[in-house]
Amino acid sequence: MSHRSKTIFSILVLWVGVSTAKEAIPVGDPIALSPPESFFMAPQWSPNGEQVAAAGPRHAGLYLIEFPTGNFTQLSDAASVGYGFSWSHDGQKIAARMTTYENMFKTQMLVSFNIIDQSRVTISEPRSRYSGVPQWSSNDTHIYLSKADKFESFSLAGDNNNPLSEALIYQKSDHLVRLNTTRSSEQSLFSTTDRITSYAVAPDGQQIAYSTSGQNLWVVNSDGSGSRPLGSGIAPSWSPNSEWIVYMLTEDDGHDMLGSELYMLHMDHDTPINITQTPDRIEMRPQWSPDGSWIVFDTDDAGQLFIQQVAWR
């Protein structure tokens, strides 16, 4: 085991688990999870916290990184397959939108990767384009598209006579919508003239954190009531106790990313906590671990993954 792996493992043993206390405290400096010579972006924790899935450069390729060793394997090298991928709730599969090119023609399809044997199953028919990114139904039997122009769902069993039947929240174009697939009824959660750029439903299902154009960060009750501003930020991710979010605040010149910092914020507090403060590094796309003890993020300028430890008291 490398020195870096031993260091991460020792800290992991000391801080395993998450308290029910409300105060989250960053511990020490971020630790490298992936080697500097490899490029990863858009990390997502597995539901059991034992792995991190991530995309390669420009969302090309899909990788599994072991936690805490940092050892990694490649699931796919397809173009843009790492954009908007999604873990199943049981942690055994990853849904993704795969793009292939043949004779200058682009084809897209929805696929599911089996994490156990690294096999791949095609879920949908090939099209020139699929609008939206895949999300899993609550029982992992279907995949539906969020951030799409219209709602579509697909059965993993390939049974079109067994449609998705549940109530869910998804992003339709630029707005959040509550949909009851059984009744085929949907309604906007709330009215806004701003474009929604990212959102995250709290683990307890009670609130939704979301950002709008211009890096405006908000929180709203899951029934659409009580929307309130949280300040500036984008790409929120909830702590497992649904009391905190971590997010990024970026700076650019309209073409290139100039800087980005990560912040934690309690839903009952007004002052965010800067957990990075590194002007020489562009930290982005943070994700809270399932046990609340770590935050993983990528570095836009270097492509290296880091983890920040979080203690609770």
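Predicted model: local features only at pLDDT ≥ 70, side-chain atom pairs only at ≥ 80, totals over all residues.
Local features are described where pLDDT is at least 70, side-chain atom pairs count only at pLDDT 80 or more, and totals for chains, interfaces and linings use all residues. Residues are numbered from 1 along each chain as its sequence is written, and side-chain values use heavy atoms, with hydrogens and water left out.

Strands of a sheet pair through backbone hydrogen bonds, either parallel or antiparallel. Here strands are DSSP runs (E, at least two residues), numbered from the N terminus, and two of them pair if DSSP finds at least two bridges between them.

One group is an open sheet of three strands in the order β13-β14-β15, with antiparallel pairing. Its edge strands, β13 (167-172) and β15 (185-188), each pair on one side only. From one strand to the next the twist averages 30°, where axes are lines fitted to C-alpha atoms and angles run from 0 to 180 degrees between N-to-C directions. Between β13 and β14 (residues 175-180), which run antiparallel, there are six bridges, and I169 has R178 in β14 as its bridge partner.

Further along the numbering, β17 (residues 207-212) and β18 (residues 216-221) are paired in the antiparallel sense over six bridges. They form a hairpin with three residues between them, and in its turn G214 has a positive phi of about 90°; T212 stands opposite N216 in β18. Strand β18 also pairs with β19 (residues 228-232), again in the antiparallel sense, over four bridges, and N216 stands opposite S232 in β19. This hairpin of β18 and β19 has six residues between its strands, and G224 in the turn has a positive phi of about 95°.
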